[in-house]
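Open the model in your viewer and keep the selection tool ready.

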Amino acid sequence: MKETEQTLLESLAQKGLEADHDAEHDAIRIKCDAVVVGSGSGGGVAAFVLAKAGLKVIVMEKGNYYTESDYPPFEGHGMDKLYENGGILPSIDGDLMILAGATVGGGSAVNWSACIKTPKSVLQEWSEDHKIPLFGTKEYVSAMELVWKRMGVTETCAMEGFQNQVLRKGCENLGINVQNVARNSSEKHYCGSCGYGCRQGEKKGSDRIWLVDAVSHGAVVLTGCKAERFILEKNRGGGKKKMKCLGVMAKSLNGNIAKKIKIEAKVTVSAAGSLLTPPLMISSGLRNRNIGKNLHLHPVLMAWGYFPDKESSSFKGKSYEGGIITSMSKVLSEDSEVRAIIETPALGPGSFSVLCPWTSGVDMKKRMSRYSRTANLITIVRDRGSGEVKTEGRISYVVDKTDKENLRAGLRQSLRILIAAGAEEVGTHRSDGQKLMCKGVDDKSIEEFLDSVSAVEGPKAMTEKWGVYSSAHQMGSCRIGEDEKEGALDLNGESWEAEKLFVCDGSVLPTAVGVNPMITIMSTAYCISTRIVKSMTTTGLSH
């Protein structure tokens, strides 16, 4: 948003919105039916549903808007412009590095395109064990189908990239499961840089689908606009909840608008994501004990394998080319329970170098010279443990014992896959440079090496061998619950404490999903926002 105060007022008037100066708060006051804070997977869907119903909708986004030609072509600029904290967001203890989108489209603009429906076992757990009926209904299943179709999801890949070729071949050689991963792009999409925004414009994220649909129905998107607090007052209308939400106070980040921005709305939707919705609610005065807790992060550890670029190699391409995730393997227990999933990441040379443990200058040069032919496999677990985020940027999280055991199982299976695919050398990112030369090695030596693999402690543990975990998924920090003891939100996604304040992002989910969560977040947001529309139609649009 490059507007000045005057041009902003004029632009809003042209869009049919009432806007003026609020002398009492020295703010620009904007009136609308619904305000959505955040434009990611949840916010985009909510904005569309509300706007399609005929409501005047404003979407607030602190990040900037980019077209495909605007997306930075290089890793450094991409991370800096499109991610929270420039892509360097550690947990408080430094054990875990977190990636979260911070642009129009949120995570859906920078994720790796994986489209996986909510597993049936998870839906059953949520509906029965957590007593959230929505997840056991046809309403939710229908929402998933609608999202799937509108996102243009394709379930096959015309040509896999180098890393996914390796994953698939290794699994086939071992005789273990491997399956296609659907994507919100064409079958021929061969873009290895979608993590920095899809410069081909083929990936159908929130910025390319839901927000476009919302704007076509009259919604207005304010970029460079950061929410500071919700406007809450005591509920004098005789409702069951103590407070009522009347909108949002925000500030402009563009430098041209000094005044605060006050958005008065009949309904407010927080879709700022699992890392930012809780701090926003707490800074607004909400006190439910679940706000900011139960943060699930799908912790990740990686394994790697080096495949020289020989004419005889069956694996074509480079590690940074092709669809980022097109294959997946499940790590199963003896009774066929899923312990983890194995996928492939997007790693630019900078990220790759940071992950590589330093053992010597010569070793680092050797690793970097092999960057393009190093296949990386990530192990993702559905974390039983959880963390906390109550202040923006202050994330506490400890990987629990069971999750570490499952990560270890995933690392071991990843290394087996890489070896079976024909890697010349394999290893982990443990601080001592743990690796194995595969040529001529016997089965006993392989097993001894695998036995030495573990999910180690983080750098602050001050142990000889340590590692750093990663996360690109955040869930559960403002979860729905059957009552206010179990969740921060009621069964319709509305705050237990404040009427007309809803949440439509990954924070509403009761637990971790266990798979890439975009489809789950969008489907849940669709159901919640559809219920918002029904409630407003029933009760009317007045405050």
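A cavity, on a 1 Å grid over the protein atoms alone, is a set of points where a 1.4 Å probe fits but cannot get out; lining residues have an atom within 4 Å of a point. This is a predicted model, in which local features need pLDDT of at least 70 and side-chain atom pairs count only at pLDDT 80 or more, while totals for chains, interfaces and linings use all residues. Residues are numbered from 1 along each chain as its sequence is written, and side-chain values use heavy atoms, with hydrogens and water left out.

**Stop 1: the second largest cavity**

Select W304, F352, C356, D363, K366, R367, R370, T374, E425, H429 and K435. These residues line the second largest cavity. The space holds about 110 Å³, a volume being the space filled by probe spheres set on the points, with grid points joined across faces, edges and corners. Helix 11 (residues 361-369) gives the largest share of this lining, 3 residues. Helices (H or I, at least four residues) and strands (E, at least two) are DSSP runs, numbered from the N terminus. By type, the lining has 6 charged, 3 nonpolar and 2 polar residues. Here Asp, Glu, Lys and Arg count as charged, Ala, Val, Leu, Ile, Met, Phe, Trp, Tyr, Cys and Pro as nonpolar, and the others, Gly among them, as polar.

**Stop 2: the largest cavity**

How many cavities of 30 Å³ or more does a search of the whole structure find? The count is 3. The largest has a volume of about 150 Å³. Select L301, M302, H429, R430 and V468: of its 15 lining residues, these are the closest to the centre. Strand 13 (residues 300-306) supplies the largest share of the lining, 3 residues. The lining divides into 8 nonpolar, 6 polar and 1 charged. H429 is listed in both linings.

**Stop 3: the second largest pocket**

A pocket is an open set of points with protein on both sides within 12 Å along at least five of seven lines. Select I116, K117, P119, K330 and V515. They lie nearest the centre of the second largest pocket, which has 29 lining residues. Now colour helix 5 (120-129), strand 7 (179-180), strand 14 (327-332) and strand 15 (338-343); each gives two or more residues to the lining. Strand 15 has the largest share, 4 residues. The pocket holds about 670 Å³. Its lining comprises 15 nonpolar, 6 polar and 8 charged residues.

Stay on K117. Its charge sits over the face of W148, 4.8 Å from the ring centre (NZ of Lys or CZ of Arg within 6 Å of the centre and within 35 degrees of the ring normal).

**Stop 4: aromatic pairs**

The whole structure has 8 aromatic pairs. Rings of Phe, Tyr and Trp (its six-membered ring) pair if their centres lie within 6.5 Å; planes under 30 degrees apart count as stacked, over 60 as edge-to-face and the rest as tilted. Select F162 and F307. They pair edge-to-face, 6.1 Å centre to centre, with 85° between the planes. F162 is in helix 7 (residues 162-174), F307 in the loop between strand 13 and strand 14, 145 residues apart. Both are buried (under 20% relative accessible area with a 1.4 Å probe, protein chains only; exposed is over 50%, partly exposed in between).

Next, show W126, F135 and Y140. Ring pairs join them into a cluster.

**Stop 5: cysteines**

C191 is buried at 4% relative accessibility, and C527 is buried at 1%.
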